[in-house]
Amino acid sequence: MRMILLGPPGAGKGTQAKTLAQKLDLPHISTGDLLRQNVSQGTNLGKQAKDFMNKGALVPDELVTEMLKQRVTQPDTGNGFILDGYPRNINQAKALDDMLKERNDAIDIVIYLDSSEPVIIQRLSGRLVCSACGGNFHAANMPPKVNMICDNCQGKLYQRSDDKPQTIKKRLQVYLEESSPLIQYYNDKHKLYRLSADEDKDVVLSRIIDLAKEHNDPHKV
Ligand code: ADP
Ligand code: ZN
């Protein structure tokens with residue numbers, strides 16, 4: 001099962017993808033997480049990506065696509081993957097199609113997590129991320145048991161530098177201009193399923209799992 005989670009920042013792609021990856025036993029590939037790792041390790045790619053990310057802009061396609069190519073050719077992707085944060089524009093979607101075609105593969109299903117702007121802003125501005133395991137919390141909606149400490153691994157929680165109000169606005173604008181045309185792109189290929197991401201995260205999760213089951217070899221899920 002090769003699945004893409006599409007939707008605006010804050011729709012819950014990362015939260016859903018992490019749980020789905022465990023339930024479906026597939027790797028979760030988040031270009032945002034991979035980029036942040038590169039930034040924190042101070043790699044060449046990280047140095048080139050950092051300023052774009054802090055501004056809320058897209059990192060240039062060539063850089064992200066090369067990084068993704070290396071990730072999706074790792075041996076753990078044999079049964080598929082859950083992509084979160086890629087593609088983010090039509091150019092990347094075409095690069096992904098080509099990448100998979102070379103291996104006689106294709107995307108099976110695209111889940112569009114649709115969310116309204118007030119919900120997005122509320123979610124992003126309260127989001128807390130674990131510095132150790134990457135787990136997501138929310139100051140009001142999903143508070144950790146101990147203030148600023150991860151429930152899962154006791155790592156320190158922090159607020160992402162791009163979760164500040166001005167940067168959130170910019171990311172939403174980039175999403176509307178660059179990423180939202182992907183909805184049409186995958187709809188034309190009959191791969192798109194829309195879900196409302198404003199609902200409770202467990203409701204959204206079970207809907208995605210139902211869709212995945214319908215679209216997969218029953219032996220695999
Ligand atoms: P969100 O979806 O909540 O905005 P991500 O963690 O997916 O957060 O992405 C954070 C930042 O990383 C983006 O604003 C962008 O700068 C960069 N990024 C992630 N994925 C891509 C991509 N596919 N293409 C270009 N830039 C990307
Ligand atoms: Zn943690």
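Predicted model: local features only at pLDDT ≥ 70, side-chain atom pairs only at ≥ 80, totals over all residues.
**Which strands and helices do the buried residues of H8 pack against?**

Residues are numbered from 1 along each chain as its sequence is written, chains are lettered from A and ligands numbered from 1 in the order written, and side-chain values use heavy atoms, leaving out hydrogens and water.

**Exercise 1. Find the partners of helix H8.**

Step 1: helices (H or I, at least four residues) and strands (E, at least two) are DSSP runs, numbered from the N terminus.
Step 2: in H8 (residues 181-188), the buried residues are Leu182, Ile183, Tyr185 and Tyr186. Buried means under 20% relative accessible area, exposed over 50%, and partly exposed in between (1.4 Å probe, protein chains only).
Step 3: looking down the axis of H8, these residues fall within an arc of 165°, so they line one face of the helix. The arc uses directions from the helix axis to the C-beta atoms.
Step 4: they pack against strand S1 (2-6), helix H5 (90-101), strand S4 (109-114), helix H7 (165-179) and strand S8 (192-196). A contact here is heavy atoms within 4.5 Å.

**Exercise 2. Work out the geometry at the zinc ion (ligand 2).**

Step 1: the protein donors are the SG atoms of Cys130, Cys133, Cys150 and Cys153, 2.3 to 2.4 Å from the zinc ion. Donors are N, O and S atoms within 2.8 Å of the metal (3.2 Å for Na, K and Ca); water is not among the atoms, so sites may look incomplete.
Step 2: the 4 donor atoms subtend angles of 100 to 117°, which makes the arrangement tetrahedral; for four donors, that takes all angles between 85 and 135 degrees.
Step 3: compare Cys130, buried at 3% relative accessible area, with Cys153, partly exposed at 31%.

**Exercise 3. Pick out the polar partner of Arg71.**

Step 1: look in helix H4 (residues 61-72), where Arg71 sits.
Step 2: the side chains of Arg71 and Asp76 make a polar contact of 2.7 Å. That term means a pair of N or O atoms within 3.5 Å; within protein, one must be able to donate a hydrogen and the other to accept it, and residues adjacent in sequence count only if both atoms are side-chain atoms.

Notes. Tetrahedral: all angles 85-135°; square planar, octahedral: opposite > 155°, others 65-115°.
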